[in-house]
Amino acid sequence: MSKCSNGNFFLGVLIGAAAGAAAAYFSDRRKREAFSDNFSSSVERARDSIVEGYYEAKDRYNRYRNKLTEETHDLLDEIQDND
């Protein structure tokens, strides 16, 4: 048997073992429900974090935009006063 064939065989064994372990784990209803609950709460926390980050970035953008606009107006006023 060549090294490639041995590698493919062992990869197949590992994938089969992982699939079997997953099937055995999820065959228990309580474990399936616990996994589903944990996954759902993780997704909700991630979504909330993304939404919160969006609004924080939006607020920061607006503050900088307003500051830049104000400083631009101040500079234009100063230039007009010097003319």
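**Ground rules.** I work with a predicted model, so local features need pLDDT of at least 70, side-chain atom pairs count only at pLDDT 80 or more, and totals for chains, interfaces and linings use all residues. Residues are numbered from 1 along each chain as its sequence is written, and side-chain values use heavy atoms, without hydrogens and water.

**Helix α2.** At the start of α2, I found a side-chain oxygen of Asp28 within 3.2 Å of the backbone nitrogen of Arg30.

**Aromatic pairs.** I noted five of them in the structure (ring centres within 6.5 Å; planes under 30 degrees apart are stacked, over 60 edge-to-face, the rest tilted). Tyr25 and Phe26 have ring centres 5.1 Å apart and planes at 90°, so I log the pair as edge-to-face. Tyr54 and Tyr55 are also edge-to-face, at 5.0 Å between centres and 75° between planes. Ring pairs join Tyr25, Phe26, Phe35 and Phe39 into a cluster.

I checked Tyr25, in helix α1, and it is partly exposed at 38% relative accessible area (buried is under 20%, exposed over 50%, partly exposed in between; 1.4 Å probe, protein chains only). Tyr54 is partly exposed at 48%, and Tyr55 at 45%.

Terms used: Polar contact = N/O pair within 3.5 Å; in protein donor to acceptor, adjacent residues only side chain to side chain. Helix = DSSP H or I, 4+ residues; strand = E, 2+ residues; numbered from the N terminus. Phe/Tyr/Trp six-rings, centres within 6.5 Å; stacked < 30°, edge-to-face > 60°.
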